[in-house]
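This report looks at the salt bridges of one protein model. The sequence and structure come first.

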Amino acid sequence: MSQQNVGPSGSPLVGRGDADRHSAITRSLLGYGLLAGPSYVVSGLAQALARDGFQLAHHDLSLLANGPWGWVQTLTFLLTGAMVVAAGVGMRRACRTLGERPGGTWGPWLVVVFGLGLVGAGVFPADPVDGFPPGARAVTTLSGTGHIVCAAVGFLALVAGCLVHARRLRSVRPGLARLSVVTAVLFLLAFAALASGSSVAAVVLGFWVALLLVWTWLAFVSLDLFRRTPLLTPA
């Protein structure tokens, strides 16, 4: 008779071969949580330095979706969003395997919503504003409105997701729980300042710092679950 596998919560796992596949898939999905941030930041910085008229201290990266090379930023939104969605699904699978509650259900799904918000921001490019692209007339379009709505929904879901994860991590990873709360608070403040329409350097660069913190948080939470997800091998 084959040995029955039991998860950290005491609930039986599926057979060894199935458990290996399940764990491998979960770990692969969590890996995207480590790749999403660097992909977004490297692409954004490369475009910001290469595009004429773009000022990193005054222009939001969303504006890069305009102009002849706008497709690069659109693709960045779509691919990064897909990676975040994959990481959120991996978080849900890992939390279910580890039996981590509360927060093990809604925390990951809110991360998925954040990823979908990024995808939506790619589907609906932002309107030209603040002199970028050079010579473009500032207009308000349905696409620009859709971009704002998708970004707002995704960002608010991220803030909520950080707080829900903080509750889950409080007993198992207190340091990550504190990082989750700090990330939620600082990102909410930075997003609120940016949403006010201000393009002063302190606001734009402050949002950059908050966004880097978000990607760091996503990587740490994904890595923590990756390490703690049991990798079962055949007897």
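## Two buried partners

Arg-228 and Glu-100 are both buried. The model is a predicted one. In it, the side chains of Arg-228 and Glu-100 form a salt bridge, with 2.4 Å between the closest N and O atoms. Arg-228 belongs to helix α6 (residues 201-228), while Glu-100 sits in the loop between α2 and α3, so this pair ties together parts that are 128 residues apart in sequence.

## A second bridge from Glu-100

Glu-100 also meets Arg-168 in a salt bridge, at 2.5 Å from N to O. The loop that holds Glu-100 runs between α2 (70-98) and α3 (106-123), and Arg-168 is in helix α4 (residues 142-169), so the bridge ties together parts that are 68 residues apart in sequence.

Burial can be given as a number for both residues. The relative accessible area of Glu-100 is 10%, and that of Arg-168 is 4%. Buried means a value under 20%, so Glu-100 counts as buried, and so does Arg-168.

Arg-228 and Asp-224 are both buried.

## The network

Through shared partners, salt bridges join Glu-100, Arg-168, Arg-173, Asp-224 and Arg-228 into one network. The whole structure contains 4 salt bridges.

Definitions and conventions: Residues numbered from 1 in each chain as written. Predicted model: local features only at pLDDT ≥ 70, side-chain atom pairs only at ≥ 80, totals over all residues. Heavy atoms only, no water. Helix = DSSP H or I, 4+ residues; strand = E, 2+ residues; numbered from the N terminus. Buried < 20%, exposed > 50% of the residue type's maximum accessible area, 1.4 Å probe, protein only.
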